[in-house]
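Please read them beside the structure.

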Amino acid sequence: MPSKKKNKKRKFEDTRPKIHPRNKYSENPPDFRHLASLYPSFEPFVFYTHNNRPRIDWTDFNATRELTRVLLDHDHNVKWWIPDGQLCPTVPNRSNYIHWIEDLLASDIIPKNKTSGDNVSGFDIGTGANCIYPLLGASLLGWSFVGSDVTDVALEWAEKNVNSNPHLSELIEIRKASSDSPLVLSETTLDTGRVTGEVVETFASELKKDDNVLIGVVRDDEHFDFCMCNPPFFESMEEAGLNPKTACGGTPEEMVCPGGERAFIMRIIDDSVVLKQSFRWFTSMIGRKANLKVLVSKLWEVGVTIVKTTEFVQGETYRWGLAWSFVPPARKVVASHVAEKSNISFMLEGLQRQFSAVHVLKSVESYFLASGASCKSDPSSFVVNVTPSKEYCHLVNKNGDENVDEDTSYQLMQQTSGSSLMDELCFESRNDFLFASFTSLHHNVFQQIPGTLLLRGSLQHRGSPLSGS
Ligand SMILES: C[S@@+](CC[C@H](N)C(=O)[O-])C[C@H]1O[C@@H](n2cnc3c(N)ncnc32)[C@H](O)[C@@H]1O
């Protein structure tokens, strides 16, 4: 009989997100037997286990490439090929990143771009010879893309892959991002990016690497809904060759860059500060969880307004998605009749299992303590009483609004969050935690149902200028 510990572990593993629910393959994984019957070129790569289950040899590059080709053809109506040794994408896992971006764009965390209408435009940094993200984004969702790269082989084959699909080619532009495209920061970019002289100097000094990433590649008049990136993850090919279980190819130019993914994404972050007006969302894939924390800290340092993360699980491989924006979070106008209510409640949904009501309670308490409020919590009844500091009240009044708006709350949260659970919740739970600082001024009650917390704020009237807000 399995031990309790094992059971617990299995239970935990089962709850991990594996594949996005809208992913074509979430209910129906690729059927190798069926594909082999349809594609004679795929058939030789399929073998059958003693249970008559069809398999392919994941360590054979030709097999994985042929599988990608037939999946793109059969399920996406995309004609595709790459030369030997180039990085071969697995279609189901690349689709997860596309659907996560789709979720970000659909959410109302930051306001929609009024000028772009329904047309979604993305920028794929390092599209590779495989050009997978533009091809998937365009075929699945009709998005338009600029895909950038630096190597001749990537630019040539990405272009070929686009041209092999005339029904998508209008939507995809392939663009060179190497050092010979000059780094031009026009006056307009500097103005709209609200970059001070001092900041320009700081970032310019970090931009000494040969190749451009976003600056110098994105044009002054361009606006994108998002950028995405599957960066060169590794610092060396030795580090890259650590997974002998699969053969997905990948040349040193694709897999390696000085400083690995951390340096590459730091570079995207630097560029995003200057180009903050050109994108609603900046995103990147991350291969090592240890880098996530460092990058998230850097993001708060450079003044982003929001950070989101997610985890992508592909078999035994884990990847993380990081998204940030400089757009002020959508301002939720609280109607005056609501403002006068003394009870406000809202749900936090999709919380990771390790975050219980007690954690949230503690993090709310430490958040308000850090902002100078006095707090008294009673974990047994899931209650925390908060009396705001004079400074907090002053800040709210200074904003000239009877409600603490989300921008203010968010700035306060950034200043005070440090490495508290509030951070963890903001970054890891995929929840919009903006309201916590707003509603929990005096008295909070939490109720837990699996993965979801109900937060109820009861405001006490103590003659404070915040009463009833
Ligand atoms: C890991 S591969 C990703 C390829 C493809 N997007 C995928 O998901 O399979 C990283 C890509 O980034 C490209 N690259 C490296 N430096 C770059 C830069 N400064 N700008 C744009 N692309 C770059 C590499 O040539 C390579 O094609």
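**Notes on the sheet, its helices and the ligand shell**

1. Seven strands make up an open sheet of mixed pairing, in the order β5-β4-β3-β6-β7-β9-β8, where two strands pair if DSSP finds at least two bridges between them. Helices (H or I, at least four residues) and strands (E, at least two) are DSSP runs numbered from the N terminus. At the edges stand β5 (172-176) and β8 (306-314), each of which pairs on one side only, and the twist from one strand to the next averages 20°.

2. The model is a predicted one, in which local features need pLDDT of at least 70 and side-chain atom pairs count only at pLDDT 80 or more, while totals for chains, interfaces and linings use all residues. Residues are numbered from 1 along each chain as its sequence is written.

3. Within the sheet, strand β3 (residues 121-125) pairs with strand β4 (residues 144-149) in the parallel sense over five bridges, and D124 stands opposite G147 in β4. Helix α12 packs on the sheet and touches β3, β6 and β7, its direction making about 175° with that of β7; contact here requires C-beta atoms, placed from the backbone, within 7 Å, and angles run from 0 to 180 degrees between N-to-C directions, with axes fitted to C-alpha atoms, for helices over the stretch in contact.

4. Helix α4 (residues 91-106) lies across β6 (224-229), β7 (279-286), β8 and β9 (317-325), and runs at about 155° to β8. The axes of α4 and α5 come within 10 Å and cross at roughly 60°. In this contact R94, S95, I98 and E102 of α4 meet I132, Y133, L136, G137, L140 and L141 of α5.

5. Helix α12 (residues 260-274) also packs with helix α13 (residues 289-301), at an angle of about 20° and with the axes 11 Å apart. The contact is made by E261, R262, I265, M266 and I269 of α12 together with N291, V294, L295, K298 and L299 of α13.

6. Which residues come nearest to the ligand? Of the 21 residues around the ligand, these are G126, G128, A177, D211 and N230, a residue being near if its C-beta atom, placed from the backbone, lies within 6 Å. At least two residues of this shell are supplied by each of α5 (132-141), β4 and α11 (252-255).

Key
Contact = placed C-beta atoms within 7 Å.
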